[in-house]
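Me: I'm new to this one and would like to learn how to read it. Could you walk me through it, feature by feature?

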Amino acid sequence: MTALIENICTTFKQIFPNTPAVTELSNDGSFATPLLFVTQQPSQFPRKLGNELMRTSNFDVAYFVDVDSNNLATLSAAGEKIMAEFNMIVDENLKPYAQVINPDWSITDKVGHCTFSVIQRMQDGTSEERFSEGNLDINGGIKK
């Protein structure tokens, strides 16, 4: 799991402390609810001048609620909470890691979906870490 995806899970655990955020389900596909299921959608890597790439990563976080709950009311409240609180992805130390771009909330087939994008400036290197995050922080300054 990449640092970005781990930090997305950390951020959602801050918003919903009693709800696990996972990237994989069990082999038989079963899971306990409530659950946040994080998936990465197709991403773009447009090249900039020099050796920079501006990676746009797209995500869908599916929110599965308890089957015994009033799904629509619970999902609507969850959507309001996410739209109010989910604007920055934080790391394990709760420090800002990346800005959330174009967040959206929808409910489909009794499952809430938060879709959003993250844009990261990447350095195109020649080592094994070909597309590293470089040395810029999210505000454009130099990482310390």
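**Rings, core, helices and strands**

Reply: Let's start with the rings: the count comes to 5 aromatic pairs. Rings of Phe, Tyr and Trp (its six-membered ring) pair if their centres lie within 6.5 Å; planes under 30 degrees apart are stacked, over 60 edge-to-face, and the rest tilted. Take Phe 31 and Phe 64: their planes sit at 55 degrees, with 4.8 Å between ring centres, so this pair is tilted. The two come from distant parts of the chain, 33 residues apart, with Phe 31 in the loop between β1 (21-22) and β2 (35-44) and Phe 64 in strand β3 (residues 52-64).
Before we go on, this is a predicted model, where local features need pLDDT of at least 70 and side-chain atom pairs count only at pLDDT 80 or more, while totals for chains, interfaces and linings use all residues. Residues are numbered from 1 along each chain as its sequence is written, and side-chain values use heavy atoms, leaving out hydrogens and water.

Me: Is Phe 31 buried, exposed or partly exposed, and what sets the limits?

Reply: Buried means under 20% relative accessible area, exposed means over 50%, and partly exposed is in between (1.4 Å probe, protein chains only). Phe 31 has a relative accessible area of 35%, so it is partly exposed.
Now look at another ring pair, Phe 86 and Phe 116, which is edge-to-face, with 75 degrees between the planes and 4.8 Å centre to centre. This pair also links distant parts of the chain, 30 residues apart: Phe 86 is in the loop between α2 (71-85) and β4 (88-90), and Phe 116 is in strand β7 (residues 111-124). Both Phe 86 and Phe 116 are buried.

Me: Which rings are linked into a cluster?

Reply: Ring pairs join Phe 12, Phe 59, Phe 86 and Phe 116 into a cluster.

Me: How do I read a nonpolar core?

Reply: In soluble globular proteins, nonpolar side chains tend to be buried together. A nonpolar core is a set of buried Ala, Val, Leu, Ile, Met, Phe, Trp, Tyr and Cys residues joined through side-chain atoms within 4.5 Å. Here the largest nonpolar core has 26 residues, and those touching the most other members are Ile 8, Phe 12, Phe 86, Ile 89 and Phe 116. At least two residues each come from α1, β2, β3, α2, β5 and β7. The most come from α1, which gives 6 residues.
Contact means heavy atoms within 4.5 Å. Leaving aside neighbours within four places in sequence, Phe 12 is in contact with Leu 36, Val 61, Ile 82, Phe 86, Cys 114 and Phe 116.

Me: What does Thr 19 touch?

Reply: Thr 19 is in the loop between α1 and β1, and at 7% relative accessibility it counts as buried. Not counting residues up to four places away in sequence, Thr 19 touches Lys 13, Pro 34, Leu 35, Leu 36 and Tyr 63. Thr 19 and Leu 36 are 17 residues apart in sequence, with their C-alpha atoms 6.9 Å apart.

Me: How do I read strand pairing, and how many bridges join β4 to β5?

Reply: Two strands pair if DSSP finds at least two bridges between them. Strand β4 and strand β5 (residues 96-99) run antiparallel, joined by 3 bridges. Val 90 stands opposite Pro 96 in β5. The hairpin of β4 and β5 has 5 residues between the strands, and there Leu 94 takes a positive phi near 65 degrees.

Me: And how many salt bridges are there?

Reply: A salt bridge is a side-chain nitrogen of Lys or Arg within 4 Å of a carboxyl oxygen of Asp or Glu. The whole structure has 1 salt bridge, where the side chains of Lys 81 and Glu 85 meet at 3.1 Å, N to O. Both residues lie in helix α2, 4 residues apart, about one turn of the helix.
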